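Work through the exercises below with the sequence and the model open. Each task is followed by a solution in steps.

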Amino acid sequence: MEAVFSNFDEVLKAFGLTIGLFVVSGIGSLVFGALLAVFRVGPVAIMRRAALVYVSIFRNTPLLMIFIFIAVALPKLGYNFRFIGDVEVGGVSASPFFFRACLALTLYTSAFVCEAFRSGINTVPLGQAEAARAIGLTFGQSMTQVVMPQALRAVIPPLTSVQIALLKNTSVAAAFGITEAVANMRALSNENTSQTAMIFLLVAVGYIIIVEVVSLASYGLERKVKVAAR
Amino acid sequence: MSSSVLFDAPGPKTVARHRLYTLLTIVGLLGILAFFAYRMLVTRQFEYDKWEVFLTPRYIRFILVDGLLNTLGMAVFAIIAAIVFGLVFGVGKLSDHGWLRWLSFAVVEFFRAVPVLLLMTFLFLQFAIGDGPLSPFWCVVLALMLYNGAVLAEVFRAGINAVPSGQVEAAYALGLRKSQVMVQIQLPQAVKTMLPAIISQMVVALKDTSLGFYILAPGLTAVYRPIYQEFGNQVPAALVIAAIYIVVNLILTWVATLVQRRLLGERKVSASA
């Protein structure tokens, strides 16, 4: 117990990194996943197929392999993303490690986000899309104005579980040079071998708190956009 | 809703536009592939001595036996243990005894909310390091059992609840006891609907065995390091090992779909994150 509280700012910083990874790759995966979903249901056959191949590959590869690919293999092709360290936005600059981790998490999670969106689109009643077509809307218009707004409601629960999985997956970054919560737990435990169990429990509670916050927020959002049942 | 409902049969203008999109997509995809291939060429990734290792029987055996077999072994042990764990706590959540329900609820929620890697690291530090009783192999199995077991507990609970209540009432009417109703009536019928979910959970477990990398456990990801350290073939080795994972997982997903079609009729199965 003392091990955690005497290093409390360190633990907080580690959880800060966890949350940072989660937020950046969460937004990244939502954007890229939505784009993939549009390709996946769109009228152009080759786009549909390309999105399907992407989803099949990334959903069936372990996240750790994607991390390995980006952190170990890509530098051999000449991409180590060192330049990220030199880019400053408002006095803050991300480390190449952070960038690589976000890239891996985004690539992996996008495949799941795409599938969540697609299943959401599938819940919109047939008649809605038909009506949109009947009044002469194009694919883009019926997507953005008729189907997507309704699909977004249905998509909140599956998207939430994808994002919670992402939050837990940020821990994989521990194996690639980022001292987020799990790496921090390992370091603390190595210094205080007798308190391993207590440290584990406190870090676990930290994760549970974040997971609960995310799922409560999603529940609130779901209630807010809910339409009265007819 | 089939995707074709989202758009009309295209007219001549749209056909032309779609042709343009198709062309652009092909150019884009080929561009990405070509760029990747070009970078591989420039950095000499295609050289024979970087790929030779995957044609050498000794190393094929190393990858398949030390790598794939260990990965599959961890996944199989983990999923069997997880099914037992899931059954105990899934049924526990439906118990008539309040304390058992709450205990099961707490256990399931705890292990579902905690990252597998955190569990694995804890087990490793607590029980494996130094001369602890567990090898990293079993730490991975144990961590995956706890996580996947918690997920399966929810699956089992939902599956048991989905058995029509008339079945349970009929069983009680015949004079069966509570445990008999569960074991002889509810579970056999529930298993049928749960089997696809269990198989897709196996894909998750198989993917997560790779996390053993962090705690020095054997497996496909663990054979990656010695191979590239010996041959300096980071890129080809990563491609080959990722391909093995993908093939194994696709086979599992295919089996799940087959089983589901057999038992339930058409519906798709997918892995979760």
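**Exercise 1. A helix pair in chain B**

Task: In this predicted model, find which residues of α3(B) meet which residues of α9(B), and work out how the two helices are oriented to each other.

Solution. 
Step 1. On the α3(B) side, the contact is made by Tyr59(B), Phe62(B), Ile63(B), Asp66(B), Gly67(B), Leu68(B) and Thr71(B). Their partners in α9(B) are Leu220(B), Val223(B), Pro226(B), Ile227(B), Glu230(B) and Phe231(B).
Step 2. Sorted by class, the residues of this contact are 9 nonpolar, 2 polar and 2 charged.
Step 3. Helix α3(B) spans residues 57-92, and its axis comes within 8 Å of the axis of α9(B), with a crossing angle of roughly 155 degrees.
Step 4. Angles over 145 degrees count as roughly antiparallel, and α3(B) and α9(B) are therefore roughly antiparallel to each other.

**Exercise 2. A helix pair in chain A**

Solution. 
Step 1. Chain A has 9 helices and 0 strands.
Step 2. Take helix α2(A), residues 8-41, and helix α3(A), residues 45-60: their axes lie 7 Å apart at an angle of about 135 degrees.

**Exercise 3. A salt bridge in chain B**

Task: Locate the two partners of the salt bridge between Lys93(B) and Glu154(B) and state how many residues apart they are.

Solution. 
Step 1. Side chains of opposite charge can pair when their charged atoms come close.
Step 2. The N to O distance between the side chains of Lys93(B) and Glu154(B) is 2.3 Å; the cut-off for a salt bridge is 4 Å.
Step 3. Lys93(B) sits in the loop between α3 and α4 of chain B, while Glu154(B) belongs to helix α6 (residues 136-161) of chain B. The pair is 61 residues apart and links distant parts of the chain.
Step 4. Over all chains, the whole structure holds 8 salt bridges.

**Exercise 4. The interface of the two chains**

Task: How many residues does each chain bring to the contact, and which helix of chain B gives the largest share of its side?

Solution. 
Step 1. Chain B brings 57 residues and chain A brings 59 residues.
Step 2. About 5200 Å² is buried between the chains, with 74% of that area from carbon and sulfur atoms.
Step 3. The interface has 0 salt bridges by the rule, and 6 residue pairs are in polar contact.
Step 4. Helices that each supply at least two residues of the chain B side include α1 (12-42), α8 (178-208) and α10 (234-264). The largest share, 11 residues, is from α10(B).
Step 5. The chain B side consists of 37 nonpolar, 16 polar and 4 charged residues.

Methods: Residues numbered from 1 in each chain as written. Chains lettered and ligands numbered in written order. Predicted model: local features only at pLDDT ≥ 70, side-chain atom pairs only at ≥ 80, totals over all residues. Heavy atoms only, no water. Contact = heavy atoms within 4.5 Å. Buried area = accessible area lost by both parts, 1.4 Å probe. Polar contact = N/O pair within 3.5 Å; in protein donor to acceptor, adjacent residues only side chain to side chain. Helix = DSSP H or I, 4+ residues; strand = E, 2+ residues; numbered from the N terminus. Nonpolar A, V, L, I, M, F, W, Y, C, P; charged D, E, K, R; others polar. Axes fitted to C-alpha atoms, helices over the stretch in contact; angles between N-to-C directions. Parallel < 35°, antiparallel > 145°, perpendicular 65-115°, else oblique.
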